[in-house]
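Welcome! Here is a short briefing on one protein chain, written to be read with the structure open beside you.

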Amino acid sequence: MGGLEDDDEPLSKRVKVMSGESGGFSNGLSGSFSMARQLSSQGDNVEAIGSKGVVNKTELVRILAEALYSLGYSETGARLEEESGIPLHTPVVDMFMRQILEGRWDKSVSMLHEIGLDETVIKSASFIILEHKFFELLEGEKIIDAWKTLRTEIVPLSINDERVRVLSSFIISPSRSLFDGSFSKESRLGSRKKLLEELRKLLPPAVMIPEKRLVHLVEQAVLLQKEACKFHNCEVGKMSLLTDHKCGCDHIPCQTSQILKEHNDEVWFLQFSHNGKYLASSSGDCLVIVWEVMADGHVSLKHKLSGHKKPVSYISWSPDNNQLLTCGVEEAIRRWDIASGECLQTYEKRGLGLVSCTWAPDGKSIFSGVSDKSISMWDLEGKELKCWRGQKTTMIADIGITTDGKELITVCKETIILLFGWETKSEKIIVEDHPIISFALSEDKKFLLVSLLNEELHVWNIDGCTKLVAKYKGHKRSRFVVRSCFGGLEQAFIASGSEDSQVYIWHRLSKELILTLAGHSATVNCVSWNPANPYMLASASDDRTIRIWGLNQVNMNKNGGQCSHNNNNNNNNNRCNSNGVNYCNGVSQVG
């Protein structure tokens, strides 16, 4: 009843198995445990190493050995075990692994008790082992033996009744076996290696080191350093393991690369297209300008869109980036073709003004806020499909929609945001303590960035149950609508305009204000971070200009475009004054 019996010698004597394939036998199954003493019991003569005294030497050596085997350096792994006197596994565990590979199922189940495991773990591991035995018997067309294994060994474990019923169905229809193709000795060995990996996940880490544990620890350390780095804005792959990671402000777009001066009045709103190839801006001059972002990062004028009779307060890009919605102040909505600059459709309601606009995720319809506080849904040809009356929106020109297209997001009262299920007419609300000025959605539509009258920015998680997750302070706002946005790599930053003519940037996770960008000469009304280029930020101001912010090329050229690290703090382009404010080529960096 031990599964398929091999006529030849055991598999382990014919195949040298490395840890990367099977889960790791010390010395590649050489059995040379005479060279290594048995693992000490936990807490017995534990030697700690490292400056903090928190690293267990025995555990570290075992992890290193597992890493060597998994990388294919079996001889080096064996040498480490021999020289350190610390085996990767105890002889009992090593014997257990060998029995699994050789298909000695009854002995391997019995060995679980010798390892010294919790009874629940023993039962679960036994189930997995006996299930594998069951399938090997089926594959060998030993139906009676498979049935006996199920009835006398698996069922008495009294766990996973649903799975037992599934196994019973394989007895009735053996062709439903999980194994595909011919069941050669090679494929049998491969399936047993997979079984070992499944058992590795079940057994305590002290018994069997988790696969690639060292790589996991290093990855974890890298990601923690990335999250702690308040200026991190580059791919993790560019981070070196050879030094502690710390970016400088030269990885944030903090230097003016272009000033766009085509508008003849205050610039109120701007937004990059979803693919980052275009930028649209609107102004008190009633014009909408579409700018094209060239391959070299230069921004050039593509179209001037005229037709609105009032200043344009809101813009929304179509999901495919080929069309644009623009909304005048209590006026009409216009839909434009980006390739030609032609107005394709105008949306109007007699006697009422439209105050906001957004696209349905499929791009086949649009939604708008109306001056009578209702919300309308339109088809692309300008026909109003639905209208939801009541206190659904205000005069604030912001409206959003969730990724699934099922919930509209509007400011329905001075301090209340409404998440309106337009199909089901369900309503959820977010209540703030202060009047709401504007809001913006994250790229994944799971977070809402709300700008408040009291000069705070709040981030709400709206994915499921709504929850306030962060607050940001520092920018100035007393009279005007000032807009903010998510941005940077993985949207790790929050940016906002300000009435003191600066752009403010916070590290999203730490909530720390890290940069203020000076350059504009009047209120910065709106900011937009290029979703396809974490190194490009745009700001719109009452000074009638748009500033395109890019990287500090002086520092980037010095660093070869790579993330900087904590090797030398004496960078002349990133100096720190005694007042705790750093400067990146004249840009205020709050430290």
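At what angle do α3 and helix α11 (residues 213-228) pack, and how far apart are their axes? The angle is about 105 degrees, and the axes lie 7 Å apart. Keep in mind that this is a predicted model, with a mean pLDDT of 84 for the protein chain.

- In the protein chain, 83% of the residues reach a pLDDT of 70 or more.
- Confidence is highest in strand β6 (residues 288-293), with a mean of 98, and lowest in strand β31 (residues 574-576), with a mean of 32.
- Residues 1-43 have a pLDDT below 50, and this stretch makes 112 contacts in the model beyond near neighbours in sequence.
- Residues 555-586 also have a pLDDT below 50, here with 69 contacts beyond near neighbours in sequence.
- Where pLDDT is low, the predicted coordinates should not be read in detail.

**Helix α3 and its two partners**

- Let us return to the opening pair: α3 and α11 pack at about 105 degrees, so they are roughly perpendicular to each other.
- On the α3 side of this contact you can find Ile63, Leu64, Glu66 and Ala67; they meet Arg213, Leu214 and Leu217 in α11.
- The residues of the contact between α3 and α11 divide into five nonpolar, two charged and no polar.
- Helix α3 (residues 57-70) also packs with helix α4 (residues 74-84), at an angle of about 160 degrees and with the axes 7 Å apart.
- Because angles over 145 degrees count as roughly antiparallel, α3 and α4 are described as roughly antiparallel to each other.
- The crossing of α3 and α4 is left-handed.
- In this contact, Val61, Leu64, Ala65, Leu68 and Tyr69 of α3 meet Ser74, Thr76, Gly77, Ala78, Leu80, Glu81 and Ser84 of α4.
- Seven nonpolar, four polar and one charged residue make up the contact of α3 with α4.

**Helices α6 and α7**

- How do helix α6 (residues 105-115) and helix α7 (residues 119-139) cross? Their axes come within 10 Å and cross at roughly 175 degrees, which means that α6 is roughly antiparallel to α7.
- From α6, the residues Trp105, Asp106, Ser108, Val109, Leu112 and His113 take part in the contact.
- Their partners in α7 are Glu119, Ile122, Ala125, Ser126, Ile129, Leu130, His132, Lys133 and Glu136.
- The contact of α6 with α7 has seven nonpolar, four polar and four charged residues.

**A sheet built from β8 to β11**

- Strands of a sheet pair through backbone hydrogen bonds, either parallel or antiparallel.
- Which order do the strands follow here? They run β8-β9-β10-β11 in an open sheet of four strands, and the pairing is antiparallel.
- At the edges are β8 (312-317) and β11 (343-347), each of which pairs on one side only.
- From one strand to the next, the twist averages 20 degrees.
- Strand β10 (residues 333-337) pairs with β11 over four bridges, and Ile333 stands opposite Tyr347 in β11.

**A sheet with β3 and β28 at its edges**

- Another open sheet has four strands in the order β3-β30-β29-β28, with antiparallel pairing.
- Its edge strands, each pairing on one side only, are β3 (255-260) and β28 (524-529).
- The twist in this sheet averages 25 degrees from one strand to the next.
- Five bridges join β28 to strand β29 (residues 537-541), and the two run antiparallel.
- Look for Ser528, which stands opposite Ala538 in β29.

Technical notes: Residues numbered from 1 in each chain as written. Predicted model: local features only at pLDDT ≥ 70, side-chain atom pairs only at ≥ 80, totals over all residues. Heavy atoms only, no water. pLDDT = per-residue confidence, 0-100. Contact = heavy atoms within 4.5 Å. Axes fitted to C-alpha atoms, helices over the stretch in contact; angles between N-to-C directions. Parallel < 35°, antiparallel > 145°, perpendicular 65-115°, else oblique. Left-handed = near helix turned anticlockwise from the far one by under 90°. Nonpolar A, V, L, I, M, F, W, Y, C, P; charged D, E, K, R; others polar. Pairing = 2+ DSSP bridges.
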